Amino acid sequence: MEAAVKAAAPVEVPQGKPIKGLPPGPRMPRALQTAIWSRQAQWMLGQSRARFGDMFTIRIAHEGDWVMLADPDLVKQVFTGDPKIFHAGEGNQILRPILGDNSVLVLDEKPHIGQRRLLLPPFHGERMKGYERTMSEIAAREIDAWPTGAPYKLRPRMQAITLEIIIETVFGVHDRARMDPLRAALRDFLDLTTDPRFLLPVVLAGPERVRRIPAFGRRIDRVDELIHAEIAERRAASGLEQREDILSMLVAAEHEDGSPMSDAEIRDELLTLLVAGHETTATALSWAVERLVRHPEKLERLRSEVLAGEDAYLTATIQETLRLRPVIVLVIRKLTEPVELGGYELPAGARVTPSIYLIHRDPRIYPDPHSFIPERFLDNPPGTYTWIPFGGGVRRCLGAAFAQFEMAVVLRELVARRQLTPARDGSERPFRRAITETPRHDAEVVLS
Ligand code: HEM
């Protein structure tokens, strides 16, 4: 059963002077709200919106107060707001010891824009076509190795595909002798970012000391060693202009003053792209399969259009998957100054959180919002503030075009090569892993 999202209560926008402080929300103690949030987030969001309208506050331990926004106009004000006031990097400091001080994810304001400027050109939509062949070869090779006739969990396999694609297109490493150790080290490194047993020490020890914990230090050192070797190799190589991988483009990129990126900057951004792009895309692919196998008629339509060389239904399927099962359910901005929003004057330090989940399930925007209907996007392209699986504004996901292109390539290979049926009755419910919402049974299917 889908979590019920009731129609929102009428928004009570206070008239006249804005009210100082946070909007109302559930009155339960913080510990209880945190417990419900960790297990029943969607239910809690639905209930809160029905009761309090499109702007309400929930209180989460270690996170402070989140002012949840479920109205596209409010979301627009946040995404188009002054980046000096709406900080996103501040909320990602937990990643700093792992991703480094230059990571676009942990920075704000000028330093953030500086790094983002360097990363944008390689991720431009048009450039993605150059990766098509590599991506489809990796997907085909992997899919052909999957067993048939028995239940098989696709999420780990999707992770294998997205990791391989990152190694070849982002790191630009293609020969076995270098790929194998790099893959092993990156896998080990990725565990640090998703395993709560490792994240806890980051919180407890604090970013400065965490590298001194042996398990951390060792893994990060190993990854650093291999990445620095790749950077050195690339700096020494000739004909960089002809190379398509993102590392080569970063080696050639220049800051506004004409200076090149340092090794440390390149290292930090490569790992940022890995962490931001690997599990997210694998999860989105898993959800696409999970939804499609439960709608055989839609899967058939997709297959016949793909085989006919058409892309419209494939694109709509990806958009609908990301609407109904967004991998990340909210984004966070911390206010550096008081801000007037929705009739409130929110204090500096408050965190506003555009709710991807609530916007995507709003019946005023999407009729029959809990159903999987790719057709809804065939004639209506997604709206900037009503379809926000990649966030928005100056922090919008840098890999959005990359991820959607990759999803299209992998799904095309999959439906063209295999028949798929669900391995179990009933839809798979979302299950939170670190920050992503994954299918509870890892998108278990039977292939034939
Ligand atoms: C379906 C897959 C993906 C989803 C759902 C996703 C989602 C997101 C979201 C919600 C954000 C935060 C946006 C905000 O705060 O407004 C984000 C940021 C980011 N994503 Fe993705 N992402 C995906 C794939 C990728 C890929 C493949 C890459 C790169 C290879 C990538 C790189 C990044 C980076 C670098 C940022 C930080 C941007 C900044 O702070 O300026 N993502 N992503």
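H255 touches Q115, R117, L118, P260, M261 and E265, leaving aside residues up to four places away in sequence; touching, or contact, means heavy atoms within 4.5 Å. The model is predicted, so local features need pLDDT of at least 70, side-chain atom pairs count only at pLDDT 80 or more, and totals for chains, interfaces and linings use all residues. Residues are numbered from 1 along each chain as its sequence is written, and side-chain values use heavy atoms, with hydrogens and water left out.

**Two loop residues**

- H255 sits in the loop between α10 (246–252) and α11. Helices here are DSSP runs of H or I with at least four residues, strands are runs of E with at least two, and both are numbered from the N terminus.
- H255 and L299 are 44 residues apart in sequence. In space they are 46 Å apart, C-alpha to C-alpha.
- R127 belongs to the loop between α4 and α5 (132–144).
- R127 touches P121, P122, E244 and M249, again not counting residues up to four places away in sequence.
- R127 and A401 are 274 residues apart in sequence, but 9.4 Å apart in space, C-alpha to C-alpha.

**Around the ligand**

- The shell around the ligand has 26 residues. A residue is near a molecule or strand if one of its heavy atoms lies within 4 Å of it.
- H112, R116, R333, R395 and C397 come nearest to the ligand.
- By type, the shell divides into 16 nonpolar, seven polar and three charged residues. Ala, Val, Leu, Ile, Met, Phe, Trp, Tyr, Cys and Pro count as nonpolar, Asp, Glu, Lys and Arg as charged, and the others, Gly among them, as polar.
- Three helices each supply at least two residues of the shell: α4 (109–119), α11 (263–293) and α15 (400–417).
- Helix α11 gives the largest share, six residues.

**Polar contacts and the iron**

- A polar contact is a pair of N or O atoms within 3.5 Å; within protein, one must be able to donate a hydrogen and the other to accept it, and residues adjacent in sequence count only if both atoms are side-chain atoms.
- A ligand oxygen is 2.7 Å from an N or O atom in the side chain of H112.
- A ligand oxygen is 3.0 Å from an N or O atom in the side chain of R395.
- A ligand nitrogen is 3.5 Å from a polar backbone atom of A276.
- Which protein donor does the iron atom of the ligand have? The only one is C397, through SG, at 2.2 Å.
- Donors are N, O and S atoms within 2.8 Å of the metal (3.2 Å for Na, K and Ca); water is not among the atoms, so sites may look incomplete.
- C397 lies in the loop between α14 (356–360) and α15.

**The five-stranded sheet**

- Strands of a sheet pair through backbone hydrogen bonds, either parallel or antiparallel. Two strands count as paired if DSSP finds at least two bridges between them.
- Five strands form an open sheet in the order β2-β3-β9-β6-β4, with mixed pairing.
- β2 (55–60) and β4 (86–87) stand at the edges with a single partner strand each, so one side of each has no neighbour in the sheet.
- Strands β3 (residues 64–69) and β9 (residues 351–354) run parallel, joined by four bridges. L69 has P354 in β9 as its bridge partner, and W66 stands opposite R351 in β9.
- Strand β6 (residues 333–335) runs antiparallel to β9, with two bridges between them. Here R333 stands opposite V352.
- Helix α1 (residues 30–52) lies across β2 and β3. It runs at about 170° to β2. Axes are lines fitted to C-alpha atoms, for helices over the stretch in contact, and angles run from 0 to 180 degrees between N-to-C directions.

- Another open sheet has three strands in the order β1-β8-β7, with mixed pairing.
- β1 (19–20) and β7 (339–341) are its edges, each with a single partner strand, so one side of each is left without a neighbour in the sheet.
- β7 and β8 (residues 344–346) run antiparallel, joined by three bridges. V339 has L346 in β8 as its bridge partner.
- β11 (residues 430–433) and β12 (residues 436–439) run antiparallel, joined by four bridges. P430 is paired with P439 in β12.
- β11 and β12 form a hairpin with two residues between them. In the turn, A434 has a positive phi of about 50°.
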